[in-house]
Structure formats: structure tokens, C-alpha cells
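This report describes selected local features of a single protein chain. Please view the sequence and the structure together while reading.

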Amino acid sequence: MKTEIELKLELSAEDLARFAESHFLGEPARIEQQRSVYFDTRGRDLYQSGFTLRIRTVGTARIQTIKATGPGASVFARPEWEQPLSGDEPVVDHTTPLAAEFGLEPDDLEPHFAVEVERSTWEVDQDGARIEVVLDRGMVTAGSRQTAVGEIELELKDGDPKALFTLARRIEAIVPIRFGVLSKAERGFRLIDALPVVFKAEPVELDREMRVTKSFRTIALACLRHYRLNEDVLRERRNPEALHQARVALRRLRSAVSLYKDLLGDDESQRIKDELRWLTAVFGKARDVDVLLTRDPEPELRDHLKSARAARYAEVFEALDGARGRALLFDLQQWLHCGDYLSTPPAELRDRPVADFAEAALDRARRKLKKHGRALAKVSDEQRHEARKDAKKLRYAAEFFAALFDDKRGTRRHKRFIEAMTGLQDRLGTLNDLVSGPRVLGEIGLKDHPDAGTLVVHADKDRLIDQAQNALDDVIDAKRFWR
């Protein structure tokens, strides 16, 4: 199975300068000054439909590029259209999909932002593989707003994909890097709007013709993107919701590994899952304190909680920036693109249509929830917590595979199924808060504080359990959108 890989490595301006001064790659094969202007309609119809149009100028040459990147990209014979231009205005004709898709005229398009970079390019031989390395330094400008661009892109031209990661690790030994997930087009359009303070999970782009192996990697990379977007916000703003969504992304990724366990049954997949569990737990401890802070504590108690929060956030960043956290993201990326699961499982499992796989996986997750949630009133808090985890896994699976069952009936049933799942998770979450509050207060030394009782959920536990049982029964009774 041939793997095409392009890695985007993000660096700060200072680290980019350090990397350039290291002369690690020697003299570049070429250096270009590039200016790319991105066009769209006033309402950004192209971008919202998964298209981008740019005109790039290098010297006196101008190239127009249209890309289809959204869910509908697969319906086109090719995802990219390029043509040379003699002027600075877009050309919309029968050679592109835009005229037919949107009924556009050239006057309908206007510039939204510009990307100006100095691009240095190297051709590198790493362990017999040929890799193109591109270093971009510059600025994205939209009106009066600007944001810096600093990234290295590694593209495998020929050879073993593992060589790409060997080279990336050699670069990381010189300067700290983070894997980038935003294109320059996304950077520009996000710059136009207010900076997001949190990113929710995006729909996963699957189609029914996709093979199981590719579907797993698509889901996992979507989870990784969800995580990285929120990690960047978290680093910049220390935002509790960004921390929460980063933790959700890690849990979703762990759930994906569990869903595909028959495909991924090797030591490396288990090691990756264990490391994800470790990092999720670090985020969870910080999230526990954030939840207590939402309960309007008395001023003196709030100060104690803020101190505990600062300590736990420090643990999060220590984990992220430590050797273990950095290695996890490298190992995860390499495993997703080069892991044994891509070739070692039997072909009948590896190449099975994803729609068949999804139906079986959803049925299995539903049965597990039904089994563990049969009698919530008669089991322990720990067993109810297991049912809560089962519910999350079923919810994540329903979200992962939604695009495979998007006909009218499937969409209607999916909406109702998610509504039922949301009600169940809310009630199980309240039950969990009832149990976990005292534990968290004990961990941070506030269990005996005179106002500690104001932070603990006080409710009729039996009534909550009955409500949770009814909500769980509603999920089991809901029509399956995948059948």
C-alpha cells in the first residue's frame, strides 16, 4: 500500500532563525519570494463549500490554483486545477469546477487576504529516500490584521515513508517543533474573523467506498487535528474550554483505536493507546479543577482553587513539552502513516468496505452499552462509570461514521440518536460529578475546607439513577441510523 505523506512542522520565528543558522541542510537549491492572493465571493461561498482559489506571483510569473478540499472533493476527477495568468484577476471558465458549481463570473470574486513568504527549498536524501524540504517564513495579511507564518514542510518524493520521520526527528533535535494542521488558506480565513477560543470536533470525511485501513487513518488524523487546534489555543490563552476540547480529542482518538482493535492488534497500537491514556489523565486532572471553579465558590475558596488550577495546568504543559509528550506525537504520526496495520492484517479485514465495518462496530458498541447499563440502580458507582464510558464510545463512533449513512432516513435517525445520546451523557455526567467532587477536593487538600460542601453536587442519587436509566433505555430504543 503506497503511502503519500506531507508533514507540516510549525516553528516560532526565533526557532526558524535558529534552524536557518544551523545550516543543517546546507545551502538551499532555490530561494523564492512568493505572494499569494486568495479570492472568494463576498459571502465566502467557495471556502464554505470546500474550495480555495489563489493567484501566486513568483517573479513575473502568475499561477492561478483552485483546490477542492472539502467533503465533495472526491466527486472530481482531480482535486487541483492550475493555469498561468497574464494579469492579477481570477479566471473562471469551463476548465475549472467553479463556473458549473457556483454559476460564477469573474466579477463575483474579490481578494480576501494575501500570504507573502520567502520560500527556501532543499532536495534531501535520507536513508535512500528522496524528500523535498520547504521552509516558509513570512506573513498572512487580511486588512489590518496580520499573523506570522513559520513552517517547514517535508514531502516524500520517493522511498520509505519512515525516512520522513527520521528527518523530522533530526530537525526536532535542533529546534522544538509542533505538527501543523492548518493550511495557509485556513490561516487567512481564520484571521479575518475573531480568533476562536475553542474548536469543536469537525465532521469526519468518510465515503462508503473507502477501505477500512484508510478510514481508521482518516478518523485518527481528524482527532489529531481537533487536538492540535485546541492545544494551540490552550497555550496562548490558558482557556478551560480549549483544554476540555483537547482532552475530548484525545479520548476520541483512544476510542477510535478501540473501535479498530481487530485491525490494529499489535504491540505498537497498545503502547500508543497507553500513552494517550496517560496524557488524557494529565488533562483530566486540570479539567477536574476547572469544573469546580464553575460552581461559584466563595472568594477565599476560589483563590485556593485557582492555585490548584495553576499547578495542574503547569503539569499539563510540563507533560506536553517533556520528552514523553513530544515523543508521543511523533510516534503517533509515524504509526498512523507507517504502522504495521497498513500491511500485516489479512486483506479481507484490511480492505473491507468501511460501511460494513461501521455497521458491525456500531452494533458492538451498542450491545456493550446495553449490557453494562441494564440495571444502573443495582450496580456500583464504578460500574455506572463504565456504562458512562461505553456511552461516550458509542457517541464517538456515531459521530465518526455519520457521513456513511447520510441519506434522508439516515440523517433523520442520526439526529434523533445523537439527541438521545446527549440526554444520556448529561445524566451520567451529573451522576459522575456527584461521586467525583469529594475525590477531587481531597486530592487538592480542600476536602475539610468549611465551604467545600458548596462545590459538591447535592442531589437525590436514586432519582438521578432512575433518570439515567430512562435516558439509557431511550438510546437503546432509538432506531439505528446505520441499519
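**Strands.** The model is predicted. Strand β3 spans residues 51-58, and six of its eight residues are buried, so the strand is largely enclosed by the rest of the structure. One of its pairing partners is strand β2 (residues 30-40), which runs antiparallel to β3 over six bridges. In this pairing, Phe 39 stands opposite Leu 53 of β3. Strand β4 (residues 61-68) also pairs with β3 in the antiparallel sense, over eight bridges. Here Thr 57 has Arg 62 of β4 as its bridge partner. The hairpin formed by β3 and β4 has two residues between the strands, and Gly 59 adopts a positive phi near 65° in it.

**Arg 287.** This residue belongs to helix α8, residues 267-293. Its relative accessibility is 16%, under the 20% cut-off, so Arg 287 counts as buried. Apart from neighbours within four places in sequence, Arg 287 contacts Pro 240, Glu 241, Leu 243, His 244 and Arg 247.

**Cysteines.** Zero disulfides are found in a search of the whole structure. The sulfur of Cys 223 has its closest cysteine sulfur in Cys 338, 19 Å away, which is too far for a bond because a disulfide requires the sulfur atoms to be within 2.5 Å. Cys 338 in turn has its closest cysteine sulfur in Cys 223.

| Residue | Relative accessibility | Class |
|---|---|---|
| Cys 223 | 1% | buried |
| Cys 338 | 14% | buried |
| Arg 287 | 16% | buried |

Methods:
Residues numbered from 1 in each chain as written. Predicted model: local features only at pLDDT ≥ 70, side-chain atom pairs only at ≥ 80, totals over all residues. Heavy atoms only, no water. Buried < 20%, exposed > 50% of the residue type's maximum accessible area, 1.4 Å probe, protein only. Helix = DSSP H or I, 4+ residues; strand = E, 2+ residues; numbered from the N terminus. Pairing = 2+ DSSP bridges. Contact = heavy atoms within 4.5 Å.
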